[in-house]
Amino acid sequence: MGKKRGIVGIEAAIVLIAFVIVAAALAFVALNMGLFTTQKAKETISQGLGEASTALEVDGYVVGISTGTTVNTVSIPIRTSAGVSSVDLAPSRTSIDAIVGNQSFENIYKAIFYVYPNGTLAYANNGTLTNLITDFSTHNLTADIKSVLGNSSTPTAYVVIIQNVNYNSVLETGEKAVVLIDLENNALGPYGQLSVEIRPPEGAPLTVERNMPANIPAGAVNLG
């Protein structure tokens, strides 16, 4: 009888150890699945926040250029948002749409221009820089840019990157750029409404909406 009881005790211990090993394995699998799920949830949340927040922000006052009765050109200074290291502003990567009055215009973004430290304005065409202006005091910026882009009956947008040491299409932290909207034949009079949507490759679009003042003086008009 004592011998049989000893054998039963050993068998029970073996079964118990087997249960402990199986439970430990299951716990390890469950822990790994929990960590994997947590990591995926973190990545999904981060990606969602990135898509929901815009990569660009307005950096100063939006300014209109007027002939005295209507606003013909609108200047929007932009920079990268906090936490965003760079944004590719190439026309093939970023799009700009506009609603002028009650008319909608899509994909009006045409080209990028650069301002050298010495004040020279350059135009980038397929990676090749061409100098346009060497003295801004004797040139009309809009007219010189139109000499490259040509005249249009509909609004045209282009970007002038002011601080860019590499002279590429990527706007990085600390660099400045200006989005110029040439309204062409759709110039805005008093109380006119303008909505511009700048859609970068990643993140939510930057929407800029402005109303023209009741009294439009000649020259620069601060639109806020």
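In β12, V160 has V178 as its bridge partner, strands here being DSSP runs of E with at least two residues, and helices runs of H or I with at least four, numbered from the N terminus. This pair belongs to a set of six bridges that join β10 to β12, and these two strands run antiparallel; strands are said to pair if DSSP finds at least two bridges between them. The model is predicted, so local features need pLDDT of at least 70 and side-chain atom pairs count only at pLDDT 80 or more, while totals for chains, interfaces and linings use all residues. Residues are numbered from 1 along each chain as its sequence is written, and side-chain values use heavy atoms, with hydrogens and water left out.

The protein contains two helices and 15 strands. Of its 224 residues, 32% count as buried, a term that means under 20% relative accessible area, with exposed meaning over 50% and partly exposed in between (1.4 Å probe, protein chains only). The accessible surface, from the Shrake-Rupley method with a 1.4 Å probe, comes to about 12900 Å², and 58% of this surface belongs to carbon and sulfur atoms. Among contacts in the protein with a separation of 6 or more, 59% are made by residues 24 or more positions apart, where contact means heavy atoms within 4.5 Å.

Strand β12 is mostly covered, since six of its six residues are buried. In a regular strand the side chains alternate between the two faces of the sheet. For β12 both faces are covered, with A177, V179 and I181 buried on one side and V178, L180 and D182 buried on the other.

I181 touches N72, T73, V74, I96, I108, T156, A157 and V196, when residues up to four places away in sequence are not counted.

Four strands form an open sheet in the order β6-β5-β13-β14, with antiparallel pairing. The edge strands are β6 (103-105) and β14, each of which pairs on one side only. Between β5 and β6 the antiparallel pairing extends over three bridges, and V100 stands opposite Q103 in β6.

The loop between β12 and β13 holds N186, which counts as buried because its relative accessibility is 13%. Although N186 and V100 are 86 residues apart in sequence, their C-alpha atoms are 7.0 Å apart in space. N186 touches V100, Q103, F105, S153, T154 and P155, again not counting residues up to four places away in sequence.
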